[in-house]
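Reader: I would like to learn how to read strands, helix packing, ring pairs and backbone angles in a model. Could you take me through them in turn?

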Amino acid sequence: MTPTDLAHHYPVDPDQLQRLHARLERDAAAGDLLDIAYRTVDSAVGPLLLAATPLGLVRVAFANEDRDGVLLALSERISPRMLEAPMRLDPIARQLDEYFAGRRHSFDVALDWTLSQGFRRTVLERLNTEISYGATASYAALARLAGSPKAVRAVGTACATNPIPIVVPCHRVIRSDGTVGAYRGGPDAKRVLLDLERER
């Protein structure tokens with residue numbers, strides 16, 4: 001039997017599905033069974049997938065990343081107890097709206113660093129606190145800030161694998177010659193973010 005046959009024989013009421021999902025979300029939260037909540041939001045750089053654990057925001061994924069692959073990786077690395085639960089991500093969604101509207105220059109949300117360890121985490125933490133809105137730094141400068149001046153390539157890897165882009169602003173790290181360099185969301189997204197911050 002094909003999915004079309006199933007839909008014909010067992011019609012689904014969208015309102016009923018929505019109520020069922022809301023109940024599942026409430027029950028999972030009440031039973032402390034929800035380890036990862038996720039949702040998608042629109043932005044000036046396209047749709048963004050947001051995911052959070054009880055510790056904080058753990059992942060921001062761009063449209064050019066495989067959404068199902070991102071969710072699968074989260075389930076394998078953190079927990080399979082995952083559910084689309086938009087309300088849990090309302091604070092970061094609101095702050096992202098403010099950021100893209102030019103009304104917010106920094107984010108005030110808890111971060112879960114589970115996906116970044118060792119030197120990569122050190123780099124991203126320094127980036128998050130040392131390079132302010134509208135400013136840029138070279139990979140070499142960030143390596144110095146992270147305490148390893150010769151680790152320029154490792155800094156590039158840390159930025160390229162940043163699981164929380166935009167909020168942890170790796171778009172502010174550019175090449176020494178002033179060109180934008182690579183970016184998880186693609187070079188066009190990086191330019192949009194840099195231009196947005198320059199205009200404010």
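Author: What follows is a walk through a few features of this structure, which is a predicted model.

Reader: Where should I begin with the sheet, and what is the order of its strands?

Author: Strands of a sheet pair through backbone hydrogen bonds, either parallel or antiparallel. Here the four strands make an open sheet with mixed pairing, in the order 3-2-1-4, and its edges are strand 3 and strand 4 (82-84), each of which pairs on one side only. From one strand to the next, the twist averages 25°.

Reader: Which strands run antiparallel to strand 2, and how many bridges join them?

Author: Strand 1 (residues 36-41) is joined to strand 2 by five bridges and runs antiparallel to it, with Thr-40 standing opposite Leu-49 of strand 2. These two strands form a hairpin with six residues between them, and in its turn Gly-46 has a positive phi of about 95°. Five bridges also join strand 2 to strand 3 (residues 56-61), again in an antiparallel arrangement, where Ala-51 has Arg-59 as its bridge partner; the hairpin that joins strand 2 to strand 3 passes through two residues.

Reader: How does strand 4 run relative to strand 1, parallel or antiparallel?

Author: Strand 1 and strand 4 run parallel and are joined by three bridges, and the bridge partner of Ala-37 in strand 4 is Leu-83. Helix 4 packs on the sheet, where it touches strand 1, strand 2 and strand 3, and its direction makes about 140° with that of strand 2.

Reader: Which residues of strand 2 lie on each of its two faces, and are they buried or exposed?

Author: In a regular strand the side chains alternate between the two faces of the sheet. In strand 2 (residues 48-53), six of the six residues are buried, with Leu-48, Leu-50 and Ala-52 on one side and Leu-49, Ala-51 and Thr-53 on the other, so that both faces are covered.

Reader: At what angle do helix 5 and helix 7 cross, and which residues make the contact?

Author: The axes of helix 5 (residues 118-130) and helix 7 (residues 152-160) come within 9 Å and cross at roughly 75°; the two helices are therefore roughly perpendicular to each other. Helix 5 contributes Phe-119, Arg-120, Val-123 and Leu-124 to the contact, while helix 7 contributes Ala-154, Val-155, Thr-157 and Ala-158. By class, the contact has six nonpolar residues, one polar and one charged.

Reader: How many aromatic pairs does the structure have, and how should I describe one?

Author: A pair of aromatic rings is described by the distance of the centres and the angle of the planes. A search of the whole structure finds four such aromatic pairs. One of them joins Tyr-99 and Phe-100, whose ring centres are 5.2 Å apart with planes at 75°, so this pair is edge-to-face. Tyr-99 and Tyr-133 also make an edge-to-face pair, because their planes stand at 85°, with the centres 6.1 Å apart. Since Tyr-99 lies in helix 4 (residues 90-100) and Tyr-133 in the loop between helix 5 and strand 5 (137-138), that pair ties together parts that are 34 residues apart in sequence. Ring pairs link Tyr-99, Phe-100, Phe-107 and Tyr-133 into a cluster.

Reader: Why does Tyr-133 count as buried?

Author: Buried means under 20% relative accessible area, and Tyr-133 has 15% relative accessibility, so it counts as buried. Tyr-99, at 1%, counts as buried as well.

Reader: What is the phi of Ile-166, and where does this residue lie?

Author: Most residues other than glycine have a negative phi. Ile-166 has a positive phi, near 75°, and lies in the loop between helix 7 and strand 6 (173-174). With 1% relative accessibility, Ile-166 counts as buried.

How values were computed: Residues are numbered from 1 along each chain as its sequence is written. This is a predicted model: local features need pLDDT of at least 70, side-chain atom pairs count only at pLDDT 80 or more; totals for chains, interfaces and linings use all residues. Side-chain values use heavy atoms; hydrogens and water are left out. Axes are lines fitted to C-alpha atoms, for helices over the stretch in contact, and angles run from 0 to 180 degrees between N-to-C directions. Angles under 35 degrees count as roughly parallel, over 145 as roughly antiparallel, 65 to 115 as roughly perpendicular and the rest as oblique. Contact means heavy atoms within 4.5 Å. Ala, Val, Leu, Ile, Met, Phe, Trp, Tyr, Cys and Pro count as nonpolar, Asp, Glu, Lys and Arg as charged, and the others, Gly among them, as polar. Buried means under 20% relative accessible area, exposed over 50%, partly exposed in between (1.4 Å probe, protein chains only). Two strands pair if DSSP finds at least two bridges between them. Rings of Phe, Tyr and Trp (its six-membered ring) pair if their centres lie within 6.5 Å; planes under 30 degrees apart count as stacked, over 60 as edge-to-face and the rest as tilted.
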